[in-house]
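Good morning. Please have a look at the sequence and the fold before I start talking.

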Amino acid sequence: MKKILSLGLALMLILLFPLYALADGEDSPDDEIVVSLGADLNESQQKQILELFGVKRDEVKILTVTIDEERQFLGGLVSDEKIGHRTISSAYVKPLDKGQGIDVETHNITWVTREMYANALVTAGVENAKVIAAAPFKVSGTGALTGIMKAFEEVSGKELDEDAKEAANEELVTTGELGEVIGKDEAAALIKEIKERIAELKTKDEGEIRKIVIEISANLNINLTDAQIEQIVKLM
């Protein structure tokens, strides 16, 4: 009887062990997380950001983002005041399982909202990722998108299309500017719905896109000027 019990216990442990291993493997390990740090953060600020992200320097891949990299996409889109002269915004990117979408958190980001980042990241080709954009003090957050995209390329091994990255930055800025007038949440919802309708209809016709912009803005009770309508049409 003892031998039978021992054999049964051994078989049970053998069968259960892979289940525990699978459960432990459901979360991405730290070596699947990539962090991009602003090049102008001092050592204390870097430590603050890493603690906020909940990671240790020697356990994750760390990239650096410079002001030149930010200006590559933002130059001509926003004022130098919004871009700044230092790279402060930082990003955390962790891959998620297929179908989980994009989950965004922000800390000390004042101009760009979570929804605006998520919309722009979809345009850039980012998918299935947990993203945190953060700074050690309040910043606009326009430059963080560059760090997020750079970290995603590293963690996924997927190079994003340069035109898509440019379009994502233009979308972020256009949405932010609209948000200053009609409200940030309203602007993000408007751009998201317009993009979805255009994708559904697979249209590139300027006249049809203009009709979509006018129709959706009316459905959302958002009053756009002619200039704002043309700005969105151009973006799309």
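Which residues of the largest nonpolar core touch the most other members? Before the answer, some housekeeping. This is a predicted model, in which local features need pLDDT of at least 70 and side-chain atom pairs count only at pLDDT 80 or more, while totals for chains, interfaces and linings use all residues. Residues are numbered from 1 along each chain as its sequence is written, and side-chain values use heavy atoms, with hydrogens and water left out.

Now the core. A nonpolar core is a set of buried Ala, Val, Leu, Ile, Met, Phe, Trp, Tyr and Cys residues joined through side-chain atoms within 4.5 Å. Buried means under 20% relative accessible area, exposed means over 50%, and partly exposed is in between, with a 1.4 Å probe and protein chains only. The largest core has 43 residues, and those touching the most other members are Val-35, Phe-53, Val-55, Tyr-117 and Ile-148. Several helices and strands give two or more residues to this core, among them β1 (34–38), α2 (43–53), α5 (114–124) and α6 (144–156). Helices (H or I, at least four residues) and strands (E, at least two) are DSSP runs, numbered from the N terminus. The element that gives the most is β5, with seven residues.

Take Tyr-117 as an example. Leaving out residues up to four places away in sequence, Tyr-117 touches a list that includes Val-104, Ala-133, Leu-145, Ile-148 and Leu-172. Contact here means heavy atoms within 4.5 Å. Apart from this core lies another one, of 17 residues, including Ile-194, Leu-224, Ile-229 and Leu-235.

Ser-89 sits in the loop between α4 (80–83) and β3. Ser-89 is buried, at a relative accessible area of 10%. Among the residues that Ser-89 touches are Gly-38, Ile-109, Ala-134 and Gly-143, again not counting residues up to four places away in sequence.

Next, the helix α9, residues 206–219. Its 14 residues reach 20 Å from the first C-alpha to the last, close to the 20 Å expected at 1.5 Å a residue. The expected span is 1.5 Å times one less than the number of residues. Which residues of α9 are buried? They are Ile-209, Ile-212, Val-213, Ile-216 and Ser-217. Seen down the axis of α9, these buried residues fall within an arc of 120 degrees, so they line one face of the helix. The arc is that of the directions from the helix axis to the C-beta atoms. As a reminder, an α-helix has 3.6 residues a turn, so residues three or four places apart point the same way. The buried residues of α9 pack against α8 (184–201) and α10 (226–235). On the other side of α9, Lys-211 and Asn-219 are exposed.

At the N-terminal end, α9 is capped by Asp-205, with a side-chain oxygen 3.2 Å from the backbone nitrogen of Gly-207. Such a polar contact is a pair of N or O atoms within 3.5 Å; within protein, one must be able to donate a hydrogen and the other to accept it, and residues adjacent in sequence count only if both atoms are side-chain atoms. Helix α7 has a cap too: a side-chain oxygen of Asp-161 lies 3.0 Å from the backbone nitrogen of Asp-163. Just after α7, Gly-183 has a positive phi of about 105 degrees. Lys-202, in the loop between α8 and α9, has a positive phi of about 50 degrees although it is not a glycine.

Last, salt bridges. A salt bridge is a side-chain nitrogen of Lys or Arg within 4 Å of a carboxyl oxygen of Asp or Glu. By that rule there are twelve salt bridges. One of them joins Lys-150 and Glu-69, at 2.9 Å from N to O. Lys-150 is in helix α6 and Glu-69 in helix α3 (residues 67–74), so the pair ties together parts that are 81 residues apart in sequence.

Another salt bridge links Lys-195 with Glu-171, with the closest N and O atoms 3.1 Å apart. Lys-195 lies in helix α8 and Glu-171 in helix α7, so this pair ties together parts that are 24 residues apart in sequence. Both Lys-195 and Glu-171 are buried.
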